[in-house]
Amino acid sequence: MKIKVKNTRLVSKPDFLSSTIGNLKNGDPLKIIKETGSWLFVKTSDNVEGYIHKSSVAKSNVGLTGLIPGQKGASKDEIALAAKGFNEGAEQKIKGNKGTYNFEDMEWLMKRTVPVSQIVTFIKEGRLK
Amino acid sequence: MKTVKITLCITIICAIGFSAFSGCGSLPIGELTKGAQLVAQATHTITEEEEYYLGRAVAANILTKYPLWKNQKMTDYVNTIGTLLSLRSERPEVFGGYHFGILDTGEVNAWSAPGGIILLTRGLVNLASGEDELAAVIAHEISHIVSKDPLKAVKSERLKQLGLFAAQNVTKGELADVLNDSVLDVTGTLLQKGYSRTAEKKADLEALDLLDAAGYNPNALLSMLEKIEEIETKKAAVFSAHPKANTRISYTNERIKQMQTVDTVKYRTERFKKATS
């Protein structure tokens with residue numbers, strides 16, 4: 001199993017609001033120890049154990065596993081081919097069309113992130129869950 | 001307070017989804033490895049990373065039609081509400097994370113771009129009379145992203161091209177053309193055609209469950225829909241790509257009757273006033 005999102009957190013309990021044990025990035029390998037509902041208890045390549053949500057992992061890093069009969073995991077060919085989909089290179093190409101795209105303001109928006117500690121306080125103060 | 005007002009649904013778009021195109025058996029594959037041939041012949045499924053780049057481009061396209069309201073306080077507020085809701089959804093993790101922005105227009109609308117970028121209009125934000133109503137609109141949009149409804153707007157011919165490209169040496173220019181066309185497919189659905197009634201109903205009903213899971217009052221969706229219905233009767237442009245509000249009110253009301261809700265909206269009243277003041 002590998003991390004399929006850009007970045008995510010390894011947490012101490014099967015809950016996004018629990019404490020952070022480590023930070024993981026796209027492509028990082030994981031070994032699954034056990035499943036707990038929508039969560040996986042895993043061990044990282046650094047032998048650190050913790051929980052991660054199922055929606056952040058994939059069986060292979062490109063999602064093509066199983067296309068080639070008899071083969072488990074993605075081959076080098078598959079990985080190279082997957083890189084030909086929508087990617088940063090294609091985005092760079094369309095960025096030149098200023099009349100059709102406003103990436104400057106889109107980047108301002110993408111920088112808005114909310115720390116976990118802020119969510120915890122927000123829930124507590126608002127009697128949410 | 002007995003009934004929370006909330007709101008609505010907004011919508012629009014999100015992600016690209018590819019549903020699928022199957023088979024390119026007669027494509028000029030040329031000299032390919034066995035693996036490459038199989039990839040070219042298989043149904044192309046957009047990866048999380050592709051969805052992310054499509055969503056970025058869709059949002060960047062919408063931002064040429066509507067200016068972004070760069071109000072730090074209000075943007076942080078909707079991002080906090082939205083992030084909490086996303087964590088309680090069936091798809092809490094997306095490639096680049098969820099992001100929420102406000103467009104500086106009086107139009108009442110909302111859109112979800114593929115991959116988790118959700119855009120609300122100031123007109124819609126102003127229509128909400130409490131945090132729960134804002135949350136209801138955001139929950140509806142998140143539900144579209146969970147279902148990958150925006151991705152389903154991408155035409156099958158784009159998927160065929162992507163599948164073929166995967167088996168060939170292509171230039172960035174060729175790939176950019178497909179990305180550009182796919183963006184227009186998605187924005188066309190978001191801004192004009194809208195999703196199917198089935199997809200909208202699903203998003204409304206799942207929004208109720210999501211609100212409940214996060215501790216918000218699901219009645220907020222109903223109250224927001226009632227406000228939209230009122231605007232519709234004045235024939236103003238509101239959620240033009242959505243089904244009529246009275247239809248949505250009917251099935252939303254039926255579902256809420258089956259839910260057991262606890263009204264804690266009073267604990268969120270002050271911070272809503274502070275954020276919107």
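In this predicted model, B:Ser277 is exposed, with 7 other C-beta atoms within 10 Å. That count falls inside the limit of 12 or fewer that goes with the exposed class. B:Ser277 sits in the segment that follows helix H11 (269-276) of chain B. Taking B:Gly96 as a reference point, B:Ser277 is 181 residues away from it in sequence and, C-alpha to C-alpha, 31 Å away in space.

Five of its five residues are buried, so E3(B) is largely enclosed by the rest of the structure. Going along the strand, B:Ile117, B:Leu119 and B:Thr121 point one way, while B:Ile118 and B:Leu120 point the other way. Burial applies to both sets, so whichever way these side chains point, they come from residues that meet the cut-off of 20 or more other C-beta atoms within 10 Å.

The sheet around E3(B) comes next. It is an open one of three strands in the order E1-E3-E2 (chain B), and the pairing is mixed. E1 and E2 of chain B take the edges, and each has a single partner strand, so one side of each has no neighbour in the sheet. From one strand to the next, the twist averages 20°.

E1(B) and E3(B) run parallel and are joined by five bridges. On this side of the sheet, B:His99 stands opposite B:Ile117 in E3(B), and B:Ile117 is one of the buried residues of that strand.

Moving on to helix packing within chain B, the axes of H6(B) and H7(B) come within 10 Å and cross at roughly 155°. That angle makes H6(B) roughly antiparallel to H7(B), and the crossing of H6(B) past H7(B) is left-handed. H6(B) brings B:Arg158, B:Gln161, B:Leu162 and B:Phe165 to this contact. From H7(B) come B:Glu174, B:Leu175, B:Val178, B:Asp181, B:Ser182 and B:Asp185. Sorted by class, the contact holds four nonpolar, two polar and four charged residues.

Chain A has its own layout. It contains four helices and seven strands, and from the N terminus on its elements run β-β-β-β-β-β-β-α-α-α-α. Chain A has 129 residues, of which 31% count as buried. Among its contacts between residues at least 6 apart in sequence, 36% join residues at least 24 apart.

What about the meeting of the two chains? In all, 55 residues of chain B are in contact with 48 residues of chain A. On the chain B side, the elements that give two or more residues are helix H1 (34-41), helix H2 (48-65), helix H3 (72-87), strand E1 (99-103), helix H6 (156-165) and helix H7 (172-193). H2(B) gives the most to that side, with 11 residues. By class, the side of chain B that touches chain A has 28 nonpolar, 18 polar and nine charged residues.

One helix pair spans the two chains. Helix H4 (residues 116-125) of chain A packs on H3(B) at an angle of about 90°, and their axes are 10 Å apart. With that angle, H4(A) is roughly perpendicular to H3(B). The residues in contact are A:Gln118, A:Ile119, A:Phe122 and A:Ile123 of H4(A), along with B:Thr80, B:Thr83 and B:Leu84 of H3(B). Four of the residues in this contact are nonpolar and three are polar, with no charged residue taking part.

Conventions. Residues are numbered from 1 along each chain as its sequence is written. Chains are lettered from A and ligands numbered from 1 in the order in which they are written. This is a predicted model: local features need pLDDT of at least 70, side-chain atom pairs count only at pLDDT 80 or more; totals for chains, interfaces and linings use all residues. Two residues are in contact if their C-beta atoms, placed from the backbone, lie within 7 Å. Ala, Val, Leu, Ile, Met, Phe, Trp, Tyr, Cys and Pro count as nonpolar, Asp, Glu, Lys and Arg as charged, and the others, Gly among them, as polar. Two strands pair if DSSP finds at least two bridges between them. Axes are lines fitted to C-alpha atoms, for helices over the stretch in contact, and angles run from 0 to 180 degrees between N-to-C directions. Angles under 35 degrees count as roughly parallel, over 145 as roughly antiparallel, 65 to 115 as roughly perpendicular and the rest as oblique. A crossing is left-handed if the near helix is turned anticlockwise from the far one by less than a right angle, and right-handed if clockwise.
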